[in-house]
Amino acid sequence: MAFLVQHGKSRAVGARKPRHGTRAAARSPTKLELRHRQLAVRLLAACLLAPVLCICAPRLFSVVLPSQLSPGNGVYPLAEGSSDDTEGAGTSRILEKGFVDDRRRLQEPSARVPARLGADPVRGSPELDIGVESSNSMHITDLDNKSGMKGLTISSTNASSPPENSVMSSRQSAVTDIEVPKPKSKIYCDDKSKDEGFPYARPIICQMSGDVRVSPESASVALITPMQQGEEGRRVTPYARKDESLLPLVREVVIRAVASENDAPKCSISHDVPAVIFSVGGYTRNFFHDMSDVLIPLYLTSFQYKGRVKFFITDYKQWWVQKYKPVLRRLSHHDIIDFDSNKDVHCFQHVSVGLTRDRDLILRPHSTRNPKGYSMLDFTRFLRHSYGLKRDRPLVLGEQPGKKPRMLIISRRGTRKLLNLRQVAATSRALGFDVIVSEARGNLKRFATMVNSCDVLLAVHGAGLTNQVFLPPQAVVLQIVPWGKMDWMATNFYGQPARGMNLRYLEYHVSEQESSLAQRYPRDHLVFKDPMAIHGQGWNALADIFMAQDVKLNIRRFRPTLLQVLDLLQV
């Protein structure tokens with residue numbers, strides 16, 4: 001009994017002693033309590049993030065989900081490759097299926113629904129890389145399905161949208177209640193013909209603003225003009241040179257005004273940028289005409305848009321698009337549309353049919369044609385940036401001891417060959433030039449880089465002189481002018497443009513004895529007695545006689561001209 005009392009007392013006393021001190025318990029929580037607190041913090045953070053996720057998730061899915069649609073729609077992105085250009089063909093590129101951005105579809109015929117992703121068809125061979133980039137630095141083009149994505153509608157209110165009572169839904173309904181005013185319908189065609197003293201007329205260019213619908217399949221552009229009577233269609237040749245012989249070489253586009261939407265084709269794609277429709281038919285493939293008839297007018301027409309413009313090309317040539325890819329991708333950040341094969345109806349608020357041009361290789365300020373005041377100096381700077389050309393000034397003699405000025409002599413295979421080219425090159429080297437001889441052919445980027453590395457460009461009158469656009473400002477251009485009163489052509493086609501590019505320009509006029517015509521015609525022939533009489537017979541006579549001659553320079557007579565070149569490089 002005493003034992004039990006004593007033992008029970010000790011247990012009772014022991015029971016009153018806590019296993020962990022109360023003070024310690026007050027100072028630090030248990031592990032279980034810590035976990036509960038961490039869980040509470042996470043739950044609080046989740047509650048705070050939930051509304052944000054509810055708002056942002058629908059937007060995210062609306063962008064992601066369309067890219068998961070079936071790739072069997074014939075839309076293919078073109079793998080970005082090297083920027084090498086070819087004359088008529090290119091190396092094979094890898095084609096991968098994908099989607100094209102900046103595409104908008106209609107959910108219903110009566111209401112346009114902008115699509116976040118879509119495609120613009122580009123006709124082409126898998127052997128060539130078009131390489132025109134979109135504004136997000138990802139180039140995508142449709143190469144195979146020339147008809148585009150017919151029947152596809154990408155709705156902005158799809159399965160990824162939030163419930164109707166969500167914040168996103170209320171915002172969308174608020175936006176749709178706002179009616180955006182439509183631009184005033186207007187068609188303006190510039191019918192100005194020619195400059196005084198310049199025989200070549202400018203082509204017609206038409207500007208259309210309002211509800212404009214481009215239908216490549218019917219080669220037409222329609223402008224809806226409510227409350228006005230529709231007008232008869234007008235045919236426009238969207239090539240920047242007016243020449244009667246061009247008719248079979250350039251596809252015409254019909255522009256018309258219609259009184260109601262029922263008279264216009266239904267939109268399948270809507271765009272929020274302007275469009276320019278132009279041809280690469282005509283005399284393209286000749287570098288002079290590529291520049292004067294397409295690239296310079298395209299720059300004058302579209303540079304103002306800073307890349308936010310769509311190009312429709314008629315008489316589509318993929319090799320041409322490939323060759324001038326660096327220029328096209330800087331002028332437009334969107335995919336090029338092949339006007340000859342595309343089957344969609346594209347809707348715009350502004351469309352230019354044709355290109356604004358000035359004179360050959362010349363840009364001057366003008367109130368309507370060139371209100372921005374772009375110059376050839378601006379264009380050549382643009383070209384140097386497009387092709388990554390580094391030099392913006394030539395060598396000054398004596399500036400770098402031991403360094404020789406570099407001269408490029410452009411050789412020709414056909415007509416107007418320089419028969420004693422080796423002798424001319426040897427004489428130029430003896431005078432202190434570092435001479436390169438090359439044809440203006442092959443990879444354009446590489447040739448442009450070569451031209452830009454030179455201080456002097458020497459060539460007989462012809463398209464090769466157009467490469468002066470790649471020279472650094474203040475370089476020297478030396479044109480050898482063939483026999484036959486070619487002064488006007490030499491000055492207007494290459495001399496005056498050279499000065500507009502801030503280049504120093506010289507001419508050497510071939511004598512009768514230096515022309516191969518001396519072996520074809522007697523000295524009393526009109527070719528020598530009255531060359532202007534040959535000019536009066538028209539272009540065919542001029543081309544068959546004066547443009548078909550070769551030249552063999554009298555080195556003793558030509559040497560002082562080379563010394564003039566050296567004098568110009570000393571300043």
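Which cysteine does a disulfide join to Cys-189? The partner is Cys-206, with an S to S distance of 2.0 Å. One caution before I go on: this is a predicted model.

Let me stay with the disulfides. The structure holds two of them. A disulfide is a covalent bond between the sulfur atoms of two cysteines.

Take the Cys-189 and Cys-206 link. The angle about its S-S bond is 110°, and the link is right-handed. Cys-189 sits in strand S5, residues 186–190, and Cys-206 in strand S6, residues 205–215. The two cysteines are 17 residues apart, and the pair links distant parts of the chain. Are they buried or exposed? Cys-189 has 15% relative accessibility, so it counts as buried. Cys-206 is buried too, because its relative accessibility is 0%.

Now the other bond. A disulfide joins Cys-267 to Cys-347, and here the S to S distance is 1.6 Å. The torsion about this S-S bond is about -95°, so the disulfide of Cys-267 and Cys-347 is left-handed. Cys-267 lies in the loop between strand S9 (253–258) and strand S10 (269–270). Cys-347 is in strand S14, residues 346–353. Those positions are 80 residues apart in sequence, so the pair ties together separated parts of the chain. Both Cys-267 and Cys-347 are buried. Number the bonded cysteines in sequence order, and the pairing reads 1-2, 3-4.

One more cysteine, Cys-454. Its relative accessible area is 0%, so Cys-454 is buried.

Next, the sheet. Five strands form an open sheet in the order S16-S15-S17-S18-S19, and the pairing is parallel. Which strands stand at the edges? They are S16 (434–439) and S19 (504–509). Each has a single partner strand, so one side of each is left without a neighbour in the sheet. On average, neighbouring strands here are turned by 20° against each other, direction ignored.

Look inside the sheet. Strand S15, residues 406–411, runs parallel to strand S17, residues 456–460, and three bridges join them. Met-407 has Val-456 of S17 as its bridge partner. Across these strands lies a helix. That is H15, residues 555–568, which lies across S15, S17, S18 (476–481) and S19. Relative to S19, H15 runs at about 175°.

On to helix H8, residues 376–387. H8 has 12 residues. From first C-alpha to last it reaches 16 Å, close to the 16 Å expected at 1.5 Å a residue. Which residues of H8 are buried? They are Met-376, Phe-379, Thr-380, Phe-382, Leu-383, Arg-384, Ser-386 and Tyr-387. Keep the helix geometry in mind. An α-helix has 3.6 residues a turn, so residues three or four places apart point the same way.

What do the buried residues of H8 pack against? Five helices: H5 (287–302), H6 (318–323), H7 (325–331), H10 (444–452) and H11 (487–500). After H8 comes Gly-388, with a positive phi near 65°.

The largest nonpolar core has 77 residues, and Met-291 and Phe-470 touch the most other members. H5 gives the largest share, nine residues. What does Met-291 contact, beyond its neighbours within four places in sequence? Its contacts include Phe-379 and Leu-383, which are among the buried residues of H8. Ile-296, Pro-297, Leu-361, Thr-466, Val-469 and Phe-470 are also in contact with Met-291. There is a second, separate core of 26 residues, and among its members are Ala-425, Phe-433, Val-510 and Phe-558.

First up, Ala-490 in helix H11. Ala-490 is buried, because its relative accessible area is 0%. Setting aside residues up to four places away in sequence, Ala-490 touches His-461, Gln-479, Val-481, Gly-495, Tyr-505 and Glu-507.

Then Arg-422, in helix H9, residues 421–430. Is Arg-422 buried or exposed? Its relative accessible area is 76%, so Arg-422 is exposed.

Terms used. Residues are numbered from 1 along each chain as its sequence is written. This is a predicted model: local features need pLDDT of at least 70, side-chain atom pairs count only at pLDDT 80 or more; totals for chains, interfaces and linings use all residues. Side-chain values use heavy atoms; hydrogens and water are left out. Helices (H or I, at least four residues) and strands (E, at least two) are DSSP runs, numbered from the N terminus. The expected span of a helix is 1.5 Å times one less than its number of residues. Buried means under 20% relative accessible area, exposed over 50%, partly exposed in between (1.4 Å probe, protein chains only). Contact means heavy atoms within 4.5 Å. Two strands pair if DSSP finds at least two bridges between them. Axes are lines fitted to C-alpha atoms, for helices over the stretch in contact, and angles run from 0 to 180 degrees between N-to-C directions. A disulfide is a pair of cysteine sulfur atoms within 2.5 Å. A nonpolar core is a set of buried Ala, Val, Leu, Ile, Met, Phe, Trp, Tyr and Cys residues joined through side-chain atoms within 4.5 Å.
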